[in-house]
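Let's take a walk through a protein together, starting with the whole chain and then moving in to single residues. Keep the picture in view as you read.

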Amino acid sequence: MPNIKSAKKRVVISEKARQRNVAARSKMRTLIKNVIKAIIAGNKEDAKNAFTAAESVLDRAANKGLIHTNKAARHKSKLAAKIKAMN
């Protein structure tokens with residue numbers, strides 16, 4: 001347990017940041033899963049709409065440093081390819 005006031009403050013700030021990161025990561029994963037579910041269901045319109053939402057969140061996560069830029073690009077590329085391959 002920290003004794004210095006600034007160290008106590010860092011504990012509080014770090015926990016807030018951790019909670020924010022957990023929520024953002026969870027949202028990102030959920031939106032990616034929504035795209036995959038729409039692809040499996042065979043609904044191209046829903047897949048495109050879900051992809052648009054996921055793409056935005058992936059870009060934001062990459063810009064904020066939550067995930068690496070290349071990881072965001074990789075996810076977007078794979079999802080776009082799966083949507084394009086649909087009948």
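This is a predicted model: local features need pLDDT of at least 70, side-chain atom pairs count only at pLDDT 80 or more; totals for chains, interfaces and linings use all residues.

Helix H1 covers residues 5–41 and helix H2 covers 44–64, while helix H3 takes in residues 69–84.

Now step back and look at the outline. The C-alpha atoms fill a box of roughly 65 × 20 × 15 Å along the principal axes. A compact globule of 87 residues would have a radius of gyration near 12 Å, whereas this chain has 17 Å. As for the inside, 25% of the 87 residues count as buried. The contacts tell you something about how the chain meets itself: among those between residues at least 6 apart in sequence, 58% join residues at least 24 apart.

Next, let's look at charged partners. Side chains of opposite charge can pair when their charged atoms come close. How many salt bridges does a search of the whole structure find? The search finds 2.

One of them joins Glu 15 and Arg 18, with the closest N and O atoms 3.0 Å apart. Where do these two sit relative to each other? Both belong to helix H1, and because they are 3 residues apart there, about one helical turn separates them. Glu 15 is partly exposed, with a relative accessible area of 37%. Arg 18 is partly exposed as well, with a value of 43%.

The other salt bridge brings together the side chains of Asp 59 and Lys 76, at 2.7 Å from N to O. Asp 59 lies in helix H2 and Lys 76 in helix H3, so this pair ties together parts that are 17 residues apart in sequence.

Leaving aside neighbours within four places in sequence, Lys 76 is in contact with Phe 51, Glu 55, Leu 58 and Asp 59. Then move along to Ser 77, which is also placed in helix H3. Ser 77 counts as partly exposed, at 47% relative accessibility. The C-alpha atoms of Ser 77 and Glu 55 are separated by 9.8 Å, and these two residues are 22 apart along the chain.

Our last stop is empty space. Rolling a probe the size of a water molecule over the atoms shows where such space is left. The largest pocket holds about 260 Å³. Which helices each supply at least two residues of its lining? They are helix H1 and helix H2, and H1 gives the most, with 5 residues. Among the lining residues are Ala 17, Arg 20, Asn 21, Val 57, Arg 60 and Leu 66.

Methods. Residues are numbered from 1 along each chain as its sequence is written. Side-chain values use heavy atoms; hydrogens and water are left out. On a 1 Å grid over the protein atoms alone, a cavity is a set of points where a 1.4 Å probe fits but cannot get out, and a pocket is an open set with protein on both sides within 12 Å along at least five of seven lines; lining residues have an atom within 4 Å of a point. Grid points are joined across faces, edges and corners, and a volume is the space filled by probe spheres set on the points. Helices (H or I, at least four residues) and strands (E, at least two) are DSSP runs, numbered from the N terminus. A salt bridge is a side-chain nitrogen of Lys or Arg within 4 Å of a carboxyl oxygen of Asp or Glu. Buried means under 20% relative accessible area, exposed over 50%, partly exposed in between (1.4 Å probe, protein chains only). The radius of gyration is taken over C-alpha atoms; the globule rule is 2.2 Å times the number of residues to the power 0.38. Contact means heavy atoms within 4.5 Å.
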